[in-house]
Amino acid sequence: MNADTHAVAKATWRDLPAAQQPEYPDAEALRDVIADLESYPPLVFAGECDQLRARMGAVARGEAFLLQGGDCAEAFDAVSADHIRAKLKTLLQMSAVLTYAASVPVVKVGRIAGQYSKPRSKGTETRDGVTLPTYRGDSVNGFDFNEKARVPDPERLKRMYNASASTLNLVRAFTTGGYADLRQVHAWNQDFVKSSPSGQRYEQLAREIDNALNFMKACGTDPAEFRAVEFYASHEALLLDYEGALTRTDSRTGKLYDTSGHMVWIGERTRQLDHAHIEFASQIANPIGIKLGPTTTPEEALTYIERLDPDREPGRLTFIVRMGADKVRDRLPELVEKVTASGATVAWVTDPMHGNTFEAASGHKTRRFDDVLDEVKGFFEVHKELGTHPGGIHVELTGDDVTECVGGGDEIFVDDLHQRYETACDPRLNRSQSLDLAFLVAEMYRDQ
Ligand SMILES: O=C[C@H](O)[C@H](O)COP(=O)(O)O
Ligand SMILES: C=C(OP(=O)(O)O)C(=O)O
């Protein structure tokens, strides 16, 4: 990166309308924070973003599978070794199962170290006759329902930077320092299979993985890949003040990179073609995701390709489809057909969470495990029918035993939701539901 002055000279997105941005009461305080952020070191190196683009290229070509997952909204008070370890452990366990079943490399990407900002459906929230600005993530305002907490505070952008830096530091230590050893991860999976009520169903697959590992051990094979894993960080590029301040010119290539994370995505609520988020994404060289909801037209999808992947580089662009279990089989085929016919090679990934949210009678936002699974099934069916590659899954999950989504092998009932409902925004799969999903997706992948 260039040395001291990191500010991007021509930020073409700044003059365009941007949805979902906080209204800060003190513009000067915001300017000061942005100046500080611009002086901070990058959180990731541009070369790592290039490496992930190459890995995503393999996903787009059908030679690898993406596992992208983590919290809906990270929280500053959850930046602890226990939370980070549990989340990472769950992702590693899922990835071990998927790697074996898919027989292709699994690209591991966390919704982590930057996922602190939330787009919301409503600008305000009313409780007992009191109306306040909605909570927009710890990077913007406080979760507590009082006037002071809900005022957007630019100092929180610096806290997001620091929280992301310490999370990334621990993730790098865990993934390269021995914690992610495949034999250890497999032993955790064996424990899950033994102790989970639905575990018997997965015994066969777990035994096959065990045999494969024993065979390699007997052959004297002990590859370095068993002891460390490549793991990348991603988040929604929502707050353009923050993302812009961390966007730097790479001294090797002269290109711009958003150094707040390896991969960033543009959400369903901010993907307007003539708005700032798409323009921002078009300027940076990171691998980019775009969430595609059920109203996405093939023309829009083709325009995203024109704008974001003009060089048609596999790995540059990932379409993260979140249509809902009831719509994916109807709406996805036309998109995949037209994109494929255009000659572009994008990665297709399913987000089976965001189209399947509903409010339980208790008032908790929740999702049914069966709907999540059904959307993944629909996504696989569409790709099977069209002869294209179901490139991966993007899920909201936690390593903790929360009760936020209903169903799963270790079944959570609607009446259980209140017991450990801890998400700051949308409901996440808990550890056992996440592992159930991995085993079930592994079975689907094999059938494919
Ligand atoms: O995570 C996605 C969105 O931020 C979330 O679904 C918005 O939730 P809301 O509809 O309660 O605002
Ligand atoms: C806001 C999100 O999703 P979407 O843009 O698909 O609603 C998200 O993934 O956090």
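A18 is partly exposed, with a relative accessible area of 33%; here buried means under 20% relative accessible area, exposed over 50%, and partly exposed in between, with a 1.4 Å probe and protein chains only. The structure is a predicted model, in which local features need pLDDT of at least 70, side-chain atom pairs count only at pLDDT 80 or more, and totals for chains, interfaces and linings use all residues. Residues are numbered from 1 along each chain as its sequence is written, chains are lettered from A and ligands numbered from 1 in the order in which they are written, and side-chain values use heavy atoms, with hydrogens and water left out.

A18 lies in the segment that precedes α1 (27-39). Helices (H or I, at least four residues) and strands (E, at least two) are DSSP runs, numbered from the N terminus. Although 222 residues separate A18 from L240 in sequence, their C-alpha atoms are 8.3 Å apart in space.

Ligand 1 sits in the largest pocket. On a 1 Å grid over the protein atoms alone, a pocket is an open set of points with protein on both sides within 12 Å along at least five of seven lines, whereas a cavity is a set of points where a 1.4 Å probe fits but cannot get out; lining residues have an atom within 4 Å of a point. A molecule sits in a cavity or pocket if more than half of its atoms lie within 2 Å of its grid points. The residues surrounding ligand 1 are C72, K118, P119, R120, S121, R269, H354, K365, E396, C425 and D426, a residue being near a molecule or strand if one of its heavy atoms lies within 4 Å of it. By class, this shell holds three nonpolar, two polar and six charged residues. In this classification Ala, Val, Leu, Ile, Met, Phe, Trp, Tyr, Cys and Pro count as nonpolar, Asp, Glu, Lys and Arg as charged, and the others, Gly among them, as polar.

Polar contacts are pairs of N or O atoms within 3.5 Å; within protein, one must be able to donate a hydrogen and the other to accept it, and residues adjacent in sequence count only if both atoms are side-chain atoms. For ligand 1, an oxygen atom is 2.2 Å from an N or O atom in the side chain of S121. A polar backbone atom of P119 is 2.6 Å from an oxygen atom of ligand 1, and a polar side-chain atom of H354 lies 3.1 Å from an oxygen atom of this ligand. On its own, ligand 1 has 340 Å² of accessible area, of which the protein covers 83%. Accessible areas come from the Shrake-Rupley method with a 1.4 Å probe; for residues, only the protein chains shown count as cover.

Ligand 2 also sits in the largest pocket. There are 13 residues around ligand 2, of which R111, K118, E268, K291 and R322 come nearest. The shell of ligand 2 comprises two nonpolar, three polar and eight charged residues. An oxygen atom of ligand 2 is 2.8 Å from a polar backbone atom of E268, and an oxygen atom of the ligand is 3.1 Å from an N or O atom in the side chain of R269. H354 places a polar side-chain atom 3.4 Å from an oxygen atom of ligand 2. The protein covers 98% of the 290 Å² of accessible area that ligand 2 has on its own.

Two residues were noted for their backbone angles. Most residues other than glycine have a negative phi. A113, in the loop between β2 (106-111) and β3 (124-127), has a positive phi near 60°. A113 counts as buried, at 0% relative accessibility. R312 also has a positive phi, near 50°, and is placed in the loop between α9 (298-308) and β10 (317-321). At 31% relative accessibility, R312 counts as partly exposed.

Further positions were examined in a loop, a helix and a strand. A344 is found in the loop between α10 (328-341) and β11 (347-350) and is buried, with a relative accessible area of 9%. Q184 belongs to helix α5 (residues 182-195) and counts as partly exposed at 36% relative accessibility. Q184 and R207 are 23 residues apart in sequence and 15 Å apart in space, C-alpha to C-alpha. T131, in strand β4 (residues 130-133), is partly exposed, with a relative accessible area of 46%.
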